[in-house]
Structure formats: C-alpha cells, structure tokens
Amino acid sequence: MANTNALELLQDENLSAETLDELSTDENPFVRVRVAAHMNTSSQTLVKLSKDETPLVKQFVAEHLHTPVDALVELSKDSDMLYWVAGNPNTPVEILNKCSKDKDENVRSSVAVNPSIHVATLSILCCDENEDVRAAVAKNLKTPVAVLNKLSKDPVESVREAVEKNPNTQAKPAE
C-alpha cells in the first residue's frame, strides 16, 4: 500500500483492528505512529509496536489506553518513555510511585495528573519544588480538599489558578 493511501486510510476512525495490524508493519514511521495512536488498535498490535525502533511510535503506545500493563512495564524501563508511561491510567501504581520521585519534573507532572495515582502520592507531590508539578496536583480530580486548600496558598499564581479551576476545590485562592 502506498504511504499516502495508508495515511489517508488511517483517518478513518472506524478502521478495523485487522487493517491497523497490517499497517503496523508499514516501512513509513508516520504510518506506524498513526497506528499506535488509533483508538481501534488492538492490544496485540500495541505490544508489537512497543518494540518499534522509532521513539515516537513507542511514545504513542505508552500513552494508549489499550496498551497492556506488561508492555507499559517494559516501556517504563526506558527513561525516555517515562513521561508517557507515567500519564497512562493503566500504568501500575508501583511504577507511578517510582515515577513520582523521578528527577525529571515533566515525569513527576505526568504522574500528578494521572487519574490512577494514589492520594498519598498526590499529598507528597503537592510539596514538590517545581511549580508545574504542584499545578498538576491541583488539576487532579482526586486531590483531596485539604491538599487543594494548601495549594490555594501557593506563592505561584499558576498553582493557585489550577486550584481555582479544580471542581472539587472549596478553597478560595489567596489574594
């Protein structure tokens, strides 16, 4: 299949898992990226793509909601994939907890917005030195009201604004 035809075909949101599996072996990495991002891509195809030599393909696999836990665990062993793995709600809590201590603030921010993170980890991340991590905690719908109240007094305006936008907040940001 010509690359342009494959890319056009991938625009179809009703594309079958079988067709996506066929396209997952295309020589064009952009085709494989689109397959990795497609919502109809099967778990089996995502496992295959998780071993792709193109980092961008693996990034889309790492954040795909159908990626099996085993593949996420494997991808988490690659520090370049941690940001995307940390944001996937299917990532095991043990990996999320490990990522919450990562030196990269982007990885910690990704953990902080993950809907599967434990409240205890959010309570720790609310004291992170990085304002983006604290703002990410403020955005998480699981963040306890007590933590939101604490973050509402944060010295950084973007953190206080994130608290204000959280529908669970009962705090009024400090003026």
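Predicted model: local features only at pLDDT ≥ 70, side-chain atom pairs only at ≥ 80, totals over all residues.
**Overall layout**

The protein chain has 175 residues, and 46% of them count as buried. Its secondary structure consists of 13 helices and zero strands. Read along the sequence, the pattern is therefore α-α-α-α-α-α-α-α-α-α-α-α-α, where helices are runs of at least four residues. Taken along the principal axes, the C-alpha atoms fill a box of roughly 60 × 30 × 20 Å. Among contacts between residues at least 6 apart in sequence, 35% join residues at least 24 apart.

| Helix pair | Distance of axes | Angle |
|---|---|---|
| Helix 3 and helix 5 | 8 Å | about 5° |
| Helix 11 and helix 13 | within 8 Å | roughly 5° |

Helix 3 covers residues 29-37 and helix 5 covers residues 55-63. Their angle makes helix 3 roughly parallel to helix 5, because angles under 35 degrees count as roughly parallel. On the side of helix 3, the contact involves Pro29, Arg32, Val33, Ala36 and Ala37. These residues meet Leu56, Val57, Phe60 and Val61 of helix 5. By class, the contact of helix 3 with helix 5 has eight nonpolar residues, one charged residue and no polar ones.

Helix 11 and helix 13 are likewise described as roughly parallel to each other. Here Glu131, Arg134, Ala135, Ala138 and Lys139 of helix 11 meet Ser158, Val159, Ala162 and Val163 of helix 13. By class, the contact of helix 11 with helix 13 has five nonpolar, one polar and three charged residues.

**The buried side of helix 13**

Which residues of helix 13 are buried? In this helix, which runs over residues 157-165, they are Val159, Arg160, Ala162 and Val163. These four cover an arc of only 155° around the axis, so they lie on the same side of helix 13. The buried residues pack against helix 11 (131-139) and helix 12 (145-151). The face turned away from the buried side carries Glu164 and Lys165, which are exposed.

**The aromatic pair**

A pair of aromatic rings is described by the distance of the centres and the angle of the planes. A search of the whole structure finds one such pair. The ring centres of tyrosine 83 and tryptophan 84 are 5.1 Å apart, and their planes stand at 85°, so the pair is edge-to-face. The cut-off for that label is an angle over 60 degrees. Is tyrosine 83 buried, exposed or partly exposed? Its relative accessibility is 38%, so tyrosine 83 counts as partly exposed. Tryptophan 84 has a relative accessible area of 22% and is partly exposed; buried would mean under 20%.

**Asparagine 97**

Asparagine 97 lies in helix 8, which spans residues 93-99. With a relative accessible area of 23%, asparagine 97 is partly exposed. Which residues does asparagine 97 contact, leaving aside its neighbours within four places in sequence? The contacts are with Ile117 and Thr121. Aspartate 52 is 45 residues away from asparagine 97 along the chain, and the C-alpha atoms of the two are separated by 26 Å.

Technical notes:
Residues numbered from 1 in each chain as written. Heavy atoms only, no water. Axes fitted to C-alpha atoms, helices over the stretch in contact; angles between N-to-C directions. Helix = DSSP H or I, 4+ residues; strand = E, 2+ residues; numbered from the N terminus. Parallel < 35°, antiparallel > 145°, perpendicular 65-115°, else oblique. Contact = heavy atoms within 4.5 Å. Nonpolar A, V, L, I, M, F, W, Y, C, P; charged D, E, K, R; others polar. Buried < 20%, exposed > 50% of the residue type's maximum accessible area, 1.4 Å probe, protein only. Arc of directions from axis to C-beta. Phe/Tyr/Trp six-rings, centres within 6.5 Å; stacked < 30°, edge-to-face > 60°.
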